[in-house]
Amino acid sequence: MTEIVMNQSELAAEIAARLRDEVAAAVKARDVGVATGAPVAEGDGSFGDFLKCVATNDVRRLRAVYKSSKALDETSGASGGFLVPTQFEERIRAVGAPMLFDQLVAAGRGPLVLRTNAAELALPVLEQDQAPNVESSALVGGVRLIWREQSADVQESEPKFEQRIFRPHSADAYVAAATELITDAPQALEDTLVSLFGRAYAVLKARVMLRGTGVGQPRGIVGHPASISVTRATTGTQVEKDTDTILAMIQRLLPGSATAVWIAHPFWRSRLMATRLSETLLYTVNGQSLVYGDTLAGIPIAYSEHLPEVTGAGSLILADLSYYAFVERAGFSVAFSEHVRFLKRQSVWLFGVRIDGAPLVNAPLILADGAGTNTVSPFVEIAAGS
């Protein structure tokens, strides 16, 4: 065995060279993984670990393991939070499954949901709020088949379109947590934050679809110019008045609305259960969920705390939500700050979404019965009253 003898300076140089080679190899391997998108073994990533990487600004791991990048805020030009990886975004969305908005979509009675990667989305929409020819219908935007004698010229009959622009608005959820918890046990936050973010998003969607103002946020159904307000009946007992009002609302619903749904303030339930035609109850009790749930005059009914109280306008609505478009900017984002609540020794998570939405009609539709004043709508709401 040959003995290698080095002096102190030679030994130090050899150790330094080997360290340089090892570090260079490790960096090269990690960079290759980032560049090629090399697959990561299952278990290498979790939402808790993702949150910790966001908190420590571990950009390299966020890119290598989670394929996540910075979200950009186009209104200011500043960088926002990190985009939530698809697998975690799906978990967050799944939390909202039992809640109103997602139940409506799952039951085939929800709005038209669109996703986009662009700052805005333009939809061509038929102009259905013009008085139609008696041989046509507002439902088809003025298009009609015109009778023609043999060899006569074809008369013009074109649809009328308008371009509806949707620009997703930003909305954020603010969650504070103890700094020690984030540092020592980020995985403990995982289920809590997934549940909080998911429920907050589900609530937000239902709220803006029903009562959004349209200023810096989506425009909701209640009070929209396309909604028809039905005056409450005033003659008879309370049951008779409620029954007459419900029948009047059904009369104003757009014909052929096979996916219509009632949405009511929860305190309406006992009153609606008493409504009847002669001896037949209008309300049928089948359970609590929307899919197998209660019906009113054969139409499914759901309840929402986001509607006005029972005496308020819009506390009971009958809607065909296929005439409502809900647009999501693809991807959630998560940002982190340890400075906002520094003196409380808390750090803050900021969960961000970008959405827009609005009815696809501007006004009630005029029937082609020749009267010119009889209107229907996919959105019918009750007026204020007792």
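**A buried loop residue**

Analyst: At 12% relative accessibility, Val-310 counts as buried. Please keep in mind throughout that this is a predicted model.

User: Where is Val-310 found, and which residues does Val-310 touch, not counting residues up to four places away in sequence?

Analyst: Val-310 is found in the loop between S13 and S14. Its C-alpha atom and that of Ile-382 are separated by 9.7 Å, although the two residues are 72 residues apart along the chain. With residues up to four places away in sequence not counted, Val-310 touches Arg-232, His-265, Phe-267, Trp-268, Arg-271, Ser-315 and Gly-385.

User: In the loop between strand S19 and strand S20, is Ser-377 buried or exposed?

Analyst: Ser-377 is found in the loop that runs between strand S19 (375–376) and strand S20 (379–382). The cut-off for a buried residue is under 20% relative accessible area, and because the relative accessibility of Ser-377 is 0%, this serine counts as buried.

User: Which residue has its backbone oxygen 2.6 Å from a polar atom of the side chain of Ser-377?

Analyst: Leaving aside neighbours within four places in sequence, Ser-377 is in contact with Ala-226, Ser-227, Ile-228, Arg-252, Leu-253, Leu-254 and Pro-364. The backbone oxygen that lies 2.6 Å from a polar atom of the serine side chain belongs to Ala-226.

User: Which residue in S13 is the bridge partner of Trp-262?

Analyst: Trp-262 belongs to strand S8 (residues 261–264), from which Trp-262 and Ala-264 point one way and Val-261 and Ile-263 the other way, and all are buried. S8 pairs with S13 in the parallel sense, over three bridges. Within S13, the bridge partner of Trp-262 is Ile-301.

User: Which residue in S14 does Ala-264 stand opposite?

Analyst: Strand S14 (residues 316–319) pairs with S8 in the antiparallel sense, and the pairing runs over four bridges. In S14, the residue opposite Ala-264 is Leu-316.

User: What is the distance between the end C-alpha atoms of helix H8, and which residues of H8 are buried?

Analyst: Helix H8 covers residues 238–252, and because its 15 residues at 1.5 Å a residue should span 21 Å, the distance between its end C-alpha atoms agrees with expectation at 21 Å. The buried residues of H8 are Lys-241, Asp-242, Thr-243, Thr-245, Ile-246 and Met-249.

User: What is the phi of Ser-278, and what is the phi of Ala-297?

Analyst: Ser-278 is found in the loop between strand S9 (276–277) and strand S10 (280–281), and at 67% relative accessibility this serine counts as exposed. Ala-297 lies in the loop between strand S12 (295–296) and strand S13 (299–303), and at 33% relative accessibility this alanine counts as partly exposed. Although Ser-278 is not a glycine, its phi is positive, at about 55°; Ala-297 is not a glycine either, and its phi is likewise positive, at about 55°.

Conventions:
Residues are numbered from 1 along each chain as its sequence is written. This is a predicted model: local features need pLDDT of at least 70, side-chain atom pairs count only at pLDDT 80 or more; totals for chains, interfaces and linings use all residues. Side-chain values use heavy atoms; hydrogens and water are left out. Helices (H or I, at least four residues) and strands (E, at least two) are DSSP runs, numbered from the N terminus. Buried means under 20% relative accessible area, exposed over 50%, partly exposed in between (1.4 Å probe, protein chains only). The expected span of a helix is 1.5 Å times one less than its number of residues. A polar contact is a pair of N or O atoms within 3.5 Å; within protein, one must be able to donate a hydrogen and the other to accept it, and residues adjacent in sequence count only if both atoms are side-chain atoms. Contact means heavy atoms within 4.5 Å. Two strands pair if DSSP finds at least two bridges between them.
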